[in-house]
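Here are my notes for your first look at this model. Keep the structure open and check each point as you read.

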Amino acid sequence: MNENRQYITITELNSRLSSLISQDKILNDIPVVGEISDIKIVRGHMYSTIKDENSSIPFIVFNIKTYQYIPNEGDKILTIGSPNLYEKTGKISFIAQYVEPFGIGKLYIEFEQLKKKLSKNGYFKEIYKKPLPKYPIQICVVTSKQGAVINDIVTTIRRKNHLINIDLIDVAVQGENAVKEIVNGLKLADEQGYDVIILARGGGSFEDLMPFNAEIVAETIFNMKTCLVSAIGHETDFTIADFVADKRASTPTAAAEIIAFSVLDLITEINDILSNIETKINLKILKAQQKIFSRGKDIQYHADKKINNCFNLVNNYIGKINILNPNNILQKGYFKIKKGQQEVFSVKDFSVGDELKITGYDSEITAEVIQVKKRK
Amino acid sequence: MNFETNLKKLENLLNKLENEQTSIDESLKIYEEAIALSKKCIESINKSKGKLEILTQELNKIDFEIN
């Protein structure tokens with residue numbers, strides 16, 4: 001520095017400030033928590049602002065695409081980095097070396113990441129969802145026996161149906177043992193051959209519901225043989241378990257409504273089916289009878305025809321026979337001649353003096369042969 | 001003896017009657033036989049007809065109403 005000078009240049013000022021900042025041990029590689037806003041990605045680098053209730057500072061992440069977690073607008077994050085003064089403008093920014101989601105934001109991001117992963121692996125696909133049995137009789141509720149959930153479910157089911165058998169597997173639904181107990185409870189229920197299993201929990205905060213967002217819970221549900229209905233939290237709460245379950249009910253009461261069939265409705269339905277069957281059978285009988293009747297008429301017609309044919313045939317013979325009635329011949333003036341008992345046909349049968357018996361239509365004559373001559 | 005056999009017999013008798021060689025005496029006998037046989041045939045037809053009538057009545061009597 002020139003000794004005669006009473007001032008320093010801006011470049012010198014900024015250079016000095018910059019080295020002050022970079023040499024400060026407290027300011028370098030420090031963890032900082034704040035909320036991200038005004039995100040802009042320029043040439044692969046993220047330019048944004050990190051802030052708390054009172055203050056903010058420009059926040060830069062170079063080569064953001066190389067990071068596993070990319071912050072979104074409004075995300076609360078934990079970052080490690082250092083402030084840096086850009087000497088050309090004197091602007092101070094925080095340059096991050098590391099970023100991760102923080103607090104509920106962290107849980108939420110983990111939730112989103114797991115949801116994405118499971119979805120990609122097909123865990124939520126419709127084709128894997130087992131159909132809800134229409135008339136379940138054996139059901140199991142996996143939930144905590146404390147709290148209103150089991151009571152709500154039983155009351156709702158009983159309102160419609162007194163036949164359904166409801167078992168309870170008591171599990172912790174929050175806290176450190178919850179995941180393990182939920183997984184074991186589901187596996188145990190799955191082995192018992194229930195018609196349907198309800199996994200239920202009452203309302204709670206996002207953190208309270210976290211056990212139902214565990215990957216191992218999702219895997220357990222996905223591998224179950226029994227149809228599973230999830231009923232976790234309130235209507236607006238969606239957990240990973242809800243997405244994997246065969247059917248999601250908005251609340252435990254709603255799950256009970258979905259599952260319980262009305263015995264009265266079932267009886268009505270059965271009666272309808274029976275009367276439908278009866279109508280169909282009667283119609284079939286009627287058709288068969290009509291067919292038989294028409295066949296009967298056909299047969300009758302043919303039998304009549306056959307008998308008439310026979311009649312005509314016989315009549316025909318009778319007519320012919322009548323024509324050949326030997327008496328008819330005699331009536332025409334012909335006579336029958338016999339010599340003793342012998343029939344005579346030829347000239348050889350006659351001799352002069354033979355006594356002949358002549359039979360006519362109304363006469364019997366005895367005559368003698370006077371002359372025999374052969375006809376020419 | 002059934003109708004068809006009787007009919008066949010009747011035909012034979014007719015043939016004999018038509019035969020010039022058949023004597024008057026024989027013809028008379030055949031004629032008698034033919035008449036008797038014809039009667040039998042007609043009787044058997046009438047019997048069948050009667051039976052058919054009864055069956056037809058029964059067919060018509062079947063109640064096709066349901067309920």
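**Notes on the predicted model**

1. Start with the strands of chain A. Strand 1 (residues 30–42) and strand 4 (residues 76–86) of chain A run antiparallel, joined by six bridges. Please bear in mind that this is a predicted model. For one landmark, find Ile30(A): its opposite number in strand 4 of chain A is Gly81(A).

2. Strand 1 of chain A has another partner to look at. Strand 2 (residues 45–51) of chain A pairs with strand 1 of chain A through six bridges, again in the antiparallel sense.

3. Now look at the turn. Two residues separate strand 1 and strand 2 of chain A, and the two strands form a hairpin. Arg43(A) sits in that turn and has a positive phi of about 50°.

4. Which residue in the loop between helix 1 (10–23) and strand 1 of chain A deserves a check? It is Asp29(A). Asp29(A) is not a glycine, yet its phi is positive, about 55°. Is Asp29(A) buried or exposed? Asp29(A) counts as exposed, because it has 11 C-beta neighbours inside 10 Å and the cut-off for exposed is 12 or fewer.

5. Asp38(A) lies within strand 1 of chain A. Its phi is positive too, near 55°, and Asp38(A) is a residue other than glycine. Asp38(A) has 13 other C-beta atoms within 10 Å, so it is partly exposed.

6. Next, a length check on a helix. Helix 2 (residues 103–120) of chain A has 18 residues. At 1.5 Å a residue, helix 2 of chain A should span 26 Å. The C-alpha atoms at its ends are 26 Å apart, so the model agrees with the expectation. Just after helix 2 of chain A comes Gly122(A), with a positive phi of about 85°.

7. Finally, turn to the contact between the chains. How many residues does each chain give? Chain B gives 25 residues and chain A gives 23 residues. On the side of chain B that touches chain A, helix 1 (3–18) and helix 2 (24–61) of chain B each supply at least two residues. Helix 2 of chain B has the largest share of that side, with 15 residues.

8. The side of chain B that touches chain A has 17 nonpolar residues, five polar and three charged.

Methods:
Residues numbered from 1 in each chain as written. Chains lettered and ligands numbered in written order. Predicted model: local features only at pLDDT ≥ 70, side-chain atom pairs only at ≥ 80, totals over all residues. Contact = placed C-beta atoms within 7 Å. Helix = DSSP H or I, 4+ residues; strand = E, 2+ residues; numbered from the N terminus. Nonpolar A, V, L, I, M, F, W, Y, C, P; charged D, E, K, R; others polar. Pairing = 2+ DSSP bridges. Buried ≥ 20, exposed ≤ 12 C-beta atoms within 10 Å, placed from the backbone. Expected span 1.5 Å × (residues − 1).
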